[in-house]
Amino acid sequence: MSSVFLLRHSQRSLNRAVGDLADSGWHCLGASQHWQEAAASLRHAMPAYLVSDVHLSDGHASCLLQHLDTLPPALARPRVLLISDAVDEMTLFRTLSCGAHAYHLDQPRGPNLQDSLLALAQGRAQMSPAIARQALQSFGAMRRQASEARRIEAGHDRQPLAALSLISRAEQALLSLLSHGWLVPEIAEAWYVLQDEVERRIARLYRKLHGLCPPAHAGGMAGLQLIAA
């Protein structure tokens, strides 16, 4: 497995995550409760993946994302998996938009961290109805009726939504169904595609959201920094 750096808000959760990932074959390059400590470590060794709680002991995960933006372009930036206990957490969508690639819900009945990290490594992700609604708004796209978006042709329409739009009509349909509460297996069945394909499309949407986030030096994360403070 690839290398990973872990950031958890408590020592107990950090120890548990380190053990769980090690048992699954991941190489833990480092672990901390503090983003500033992680930033110092990343100057010497860059992991393939960064797993972080949204809120850390010394601030918000966005502070570390901003730090990554200041590193030399020659350094390969790690893919970021956020950990949150709720999909409606106030800054989760904003942090996903400004550099994170997926999120993991830290809940007893949800998938384990190893599965979420493996999905990220395979280019797959999940998206809640609340995040899908915010994504539609960020892309300037209207939510389509589920009865329309569920059609097979809607899921395969790769035409741009508009002349300057970052998303296609199929991606608008995907976000619409997700925002209506449809699950990945239901979408895959309606469109006659694999579930992995739906999850890969979701992951691509997160990457497209990154293109809408202003650079850190332009104040793109100023609001999150205020929250972190």
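The legends below describe close-up views of a predicted model.

**Figure 1. Confidence along the chain of the predicted model.** The average pLDDT of the chain is 90, and 93% of the residues reach at least 70. Residues 217-229 have a pLDDT below 50.

**Figure 2. Helix H9 meets helix H11.** H9 spans residues 169-179 and H11 spans residues 195-210. Their axes come within 11 Å and cross at roughly 105°. Angles from 65 to 115 degrees count as roughly perpendicular, and H9 and H11 are therefore roughly perpendicular to each other. On the H9 side, the contact is made by Ala170, Glu171, Leu174, Leu175 and Leu178. On the H11 side, Val198, Arg201, Ile202, Leu205 and Lys208 take part. Sorted by class, the contact of H9 with H11 has seven nonpolar and three charged residues, with no polar ones.

**Figure 3. The largest pocket and its lining.** This pocket holds about 510 Å³ of space. Its lining comprises 26 residues, and those closest to the centre are Pro111, Ala125, Gln126, Met127 and Glu199. Several elements each supply at least two lining residues: strand E7 (102-105), helix H5 (113-121), helix H10 (184-191) and H11. The lining of the largest pocket is made up of 15 nonpolar, eight polar and three charged residues.

**Figure 4. The second largest pocket and its lining.** About 160 Å³ of space lies in the second largest pocket. Arg8 and His9 belong to the lining, as do Asp53, Val54 and His55. Ile83, Ser84, Asp85, Glu89 and Asp106 complete the list of lining residues. By class, the lining of the second largest pocket has five charged, three polar and two nonpolar residues.

**Figure 5. The largest cavity and its lining.** One cavity of 30 Å³ or more is present in the structure. The volume of the largest cavity is about 30 Å³. Its lining consists of Arg79, His101, Leu120, Ala203, Tyr206 and Arg207. H11 gives the most to this lining, with three residues. The residues around the largest cavity divide into three nonpolar, one polar and two charged.

Figure 6. For the largest cavity, the contribution of H11 to the lining is three residues.

Key
Residues are numbered from 1 along each chain as its sequence is written. This is a predicted model: local features need pLDDT of at least 70, side-chain atom pairs count only at pLDDT 80 or more; totals for chains, interfaces and linings use all residues. Side-chain values use heavy atoms; hydrogens and water are left out. Axes are lines fitted to C-alpha atoms, for helices over the stretch in contact, and angles run from 0 to 180 degrees between N-to-C directions. Helices (H or I, at least four residues) and strands (E, at least two) are DSSP runs, numbered from the N terminus. Angles under 35 degrees count as roughly parallel, over 145 as roughly antiparallel, 65 to 115 as roughly perpendicular and the rest as oblique. Contact means heavy atoms within 4.5 Å. Ala, Val, Leu, Ile, Met, Phe, Trp, Tyr, Cys and Pro count as nonpolar, Asp, Glu, Lys and Arg as charged, and the others, Gly among them, as polar. pLDDT is the predictor's confidence in each residue, from 0 to 100. On a 1 Å grid over the protein atoms alone, a cavity is a set of points where a 1.4 Å probe fits but cannot get out, and a pocket is an open set with protein on both sides within 12 Å along at least five of seven lines; lining residues have an atom within 4 Å of a point. Grid points are joined across faces, edges and corners, and a volume is the space filled by probe spheres set on the points.
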